[in-house]
Amino acid sequence: MLTGRSPSPPSSDRVRPDVAVVGAGPIGLAIAWRCAARGLRVVVHDPAPGSGASAVAAGMLSPVAEAYFGERQLTGLLLASAARWPAFAAELTATTGVEIGYRTEGTLMVGLTGDDLAEARRLWAYQQGLGLPVTPLRPSELRDREPALAPRVRGGALALTDHQVDPRLLVPALRTAAQRAGAVLVSQPVRSLSDVDAPVTVVAAGCGAAALTGLPVRPVKGQILRLRAPDGVAPGFRHVIRGYADGEHVYLVPRSDGEVVLGATVEERSDTTVTAGAVQRLLRAGVDVLPELAEYDLVEAVAGLRPGTPDNAPILGPLPDRPDVLAATGHHRHGIVLTPITADLIVDLVLGGVPDPLLAPFGADRFGGAAVAAGGAEPTMEGDLWS
């Protein structure tokens, strides 16, 4: 770390940096921005900035809807980061002049059938037991908020504090902010940590972190669709909608420009092939929840790889045998919502501050001899895609 050292003014890439960041997705770029803004010389290594998981992500900021059984500590981190998003978004927009699609209408969670609603209510009861703001709604109340919902929808709930951002706008804005603060982007790939020359290295390389660090980060494939409302108008709904539809989990994220993001599968695979079966299931579930989607244009079907860990939580902090190497990876489906807090926590470590207590459950040493999981399971749609 840089304890006791005065930050140096930003300089060119010909001067040895104070910090090297490996990975130019939202996590890496946010860390670079925050470090450079604190006066550190920063170099970011990535041959294709923004081409990883964030290029496919839906951008849901959903600490409430994504509070799952057995993940209480992760839920605390999600809540803490989501609370930072309004100020983070405002600062980023003010710094760059770029809108990032930050929207605050909230999230509706719906059950299509009686069985779907029973499953959803079990999760909502757990979330309410944590003191989270989940408001149950009758079918008539759901349709008051979103008239386009299918008449079959049996009930739902509102998570008003679950928001959204557009990752395809966020990443370029973060790159601009980092570069304006003095960070230098280098397109040469990093194949070994020995390729990096800096007092502190931050590995924010997503799935690539496994090869660089030996950490148990594995690829978790997700297939996702992008639709567009006809005639260039805005979608016929405003809230993010997370649906249980005949046993399938699906989400629908409306954008102001008419785009709708429909996702997502969760597959223990490392390929990025788009399959007909996954497209069929996503479209069927989406149209069952919101029938008007049948008339939307299908403009993209794409797959990406989430960086998963054995406990679905990120790995944050120094490697056990390399205190000069900080991990900021393994965010799985939460990379976008966790961007602000990850950047803040890692920058504090870089500057030699006292580690925030929030870091304690997410250290790189918590897995012991855990191995990277592998699998070839059939596609499922449980959970979410880098939301």
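The largest pocket in this predicted model has a volume of about 770 Å³. A pocket here is an open set of points on a 1 Å grid over the protein atoms alone, where a 1.4 Å probe fits, with protein on both sides within 12 Å along at least five of seven lines. The volume is the space filled by probe spheres set on the points. Local features need pLDDT of at least 70, side-chain atom pairs count only at pLDDT 80 or more, and totals for chains, interfaces and linings use all residues. Residues are numbered from 1 along each chain as its sequence is written, and side-chain values use heavy atoms, without hydrogens or water.

**Pocket lining**
- The lining (residues with an atom within 4 Å of a point) consists of 40 residues, and Gly52, Ala53, Ala205, Gly206 and Cys207 lie nearest the pocket centre.
- Helix H1 (26-37), strand S14 (297-308) and strand S16 (322-329) are the elements that give two or more residues to this lining; helices (H or I, at least four residues) and strands (E, at least two) are DSSP runs, numbered from the N terminus.
- S14 gives the most, with 4 residues.
- The lining divides into 20 nonpolar, 18 polar and 2 charged residues, with Gly counted as polar.

**Packing of H1 and H5**
- The axes of H1 and helix H5 (residues 167-180) come within 8 Å and cross at roughly 25 degrees; axes are lines fitted to C-alpha atoms over the stretch in contact, and angles run from 0 to 180 degrees between N-to-C directions.
- H1 is therefore roughly parallel to H5 (angles under 35 degrees).
- Pro26, Leu29, Ala30, Ala32, Trp33 and Ala36 in H1 meet Leu170, Val171, Leu174, Arg175, Ala177 and Ala178 in H5, with contact meaning heavy atoms within 4.5 Å.
- The residues of this contact divide into 11 nonpolar, no polar and 1 charged.

Conventions
Parallel < 35°, antiparallel > 145°, perpendicular 65-115°, else oblique.
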